[in-house]
Amino acid sequence: MEQELKNFIKVWFSAIISVSYCFCLSTRIKPGVLRLISVLPVIALFLLIPLFFSSVHFSGASAFFFTWLANFKLILFSFDKGPLYPLPQNLPRFIFFTCFPIKPLQKPKSQNQIPKWVFAIKVVIFGVLLHTYDYKQHLSPTMLLVLYSLHIYLELEILLMLVKVWVFIFLGCDLEPQSNEPYLATSLQDFWGRRWNLMVPAILRPAVYNPVQRITEGKMSSDRARFLAVLATFLVSGAVHELIFFYINREMPTGEITWFFVLHGVCTAAEIVAKKRTFVGRWKMSPMVSRLLTVGFVVLTSGWLFFPPLIRGSMFVRLPNEALLFIDSVKHKFFRFGS
């Protein structure tokens, strides 16, 4: 853990210097290919950063923050597009909005915001879940599937909320929510586009979806162009997930993760096209039924294609162990300080 923390400090020092360099480019090089070439060394560095860590949490988080989101943001920034356009007002904001999965709040706060006590309940459930792993040999495959799904959701939710609070303390600005209760999704389009990990669609839409749709619209019908754009977006997401899991497991990809996202891309695209058909538009399904079908489909297909590589790589053994080790370390230091 001590070596991981040392690497953590070195990585962030390098990242801050690299992103500061990119900020300086914005006033010296016009958007276009030349600016993209100028940021390529930073993109290459961010591809290497997760290899400096051995823990699941540090390697996974750095791959998500830097290798995926920050690199895509910088590619879009090269052409004055994406979350970094318009350019943040100052260097600290540029660093935070590049390195973290956050966006400044664009609209006034909604009256339908989720109460804070809901997040507190999620933290409690996550704490109970960590200790449930001690009894996982007694759980059925179905219960394990639910356990793994809850773990991924709650850990990502807590991590992103901590990032949001930390950034708010430093910048003093309201931020867009990172997720919107994905278990309430009534369709795959709703789940992937408006509820789950919202920074990802905010990146993939201008980086993949819009260009593919624009290129294909002139050569085929709008429905087919939209279908291809959705499929291309999910394909890119699958490829990036394969890379992230490589950083975590240090094993060659098997393609299962990509097939998971291809399957969801096809189903989401088919769902979007079907909604435009008159006979489907007239047929209304109960929100409760549609939520059960949507979340059930996500969980079942995750058990089929998404989780197996993680299970083989012992990720669901290492994740709770690392989390409990961190909690025990904090408790030990806290009580030692208090005494």
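## Nonpolar surface patch

V33, I37, L40, I75 and F79 make a nonpolar surface patch of about 420 Å². Patch members have over 30% relative accessible area and no salt bridge; nonpolar side chains (Val, Leu, Ile, Met, Phe, Trp, Tyr) are joined within 5 Å, like charges within 9 Å. Areas come from the Shrake-Rupley method with a 1.4 Å probe, and for residues only the protein chains shown count as cover. Helix 2 (residues 33–48) gives the most to this patch, with three residues. Helices here are DSSP runs (H or I, at least four residues), as are strands (E, at least two), and both are numbered from the N terminus.

F79 sits in the loop between helix 3 and helix 4 (91–99). F79 counts as partly exposed because its relative accessible area is 35%. The cut-offs are under 20% for buried, over 50% for exposed, and partly exposed in between (1.4 Å probe, protein chains only).

## Basis of the model

This is a predicted model: local features need pLDDT of at least 70, side-chain atom pairs count only at pLDDT 80 or more, and totals for chains, interfaces and linings use all residues. Residues are numbered from 1 along each chain as its sequence is written, and side-chain values use heavy atoms, with hydrogens and water left out.

## Helix 3

Helix 3 covers residues 56–77, 22 residues in total. From first C-alpha to last it reaches 29 Å, close to the 32 Å expected at 1.5 Å a residue. The expected span is 1.5 Å times one less than the number of residues.

A kink of about 35 degrees is centred on A70. The bend is the angle between axes fitted to the seven residues ending at a residue and the seven starting there. Helix 3 is mostly covered, with 19 of its 22 residues buried.

## Annotated transmembrane regions

An unreviewed UniProt entry places "transmembrane region" at residues 12–29, 117–133, 145–171, 227–248, 254–272 and 292–311. UniProt positions follow the numbering used here, feature names are shortened, and annotations may be inferred rather than shown by experiment.

Two of these spans can be set against the model. Residues 145–171 are 100% helix and 0% strand, with end C-alpha atoms 39 Å apart. Residues 227–248 are also 100% helix and 0% strand, and their end C-alpha atoms lie 32 Å apart.

## Salt bridges

Side chains of opposite charge can pair when their charged atoms come close. The structure holds seven salt bridges. Each is a side-chain nitrogen of Lys or Arg within 4 Å of a carboxyl oxygen of Asp or Glu.

K122 pairs with E181, with the closest N and O atoms 3.0 Å apart. This pair links distant parts of the chain: K122 is in helix 5 (residues 116–132), and E181 is in the loop between helix 6 (141–171) and helix 7 (188–195), 59 residues apart. Both K122 and E181 are buried. A network of salt bridges links K122, E157 and E181.

E256 and R312 meet at 2.5 Å, N to O. They too link distant parts of the chain: E256 lies in helix 10 (residues 256–275) and R312 in helix 12 (residues 287–312), 56 residues apart. E256 is buried at 18% relative accessibility, while R312 is partly exposed at 46%.

D223 and R226 form a salt bridge at 3.1 Å, N to O. They are three residues apart in helix 9 (residues 222–249), so about one helical turn separates them. D223 is partly exposed at 21%; R226 is buried at 17%.

R214 belongs to helix 8 (residues 199–217). R214 is exposed, at 57% relative accessibility.
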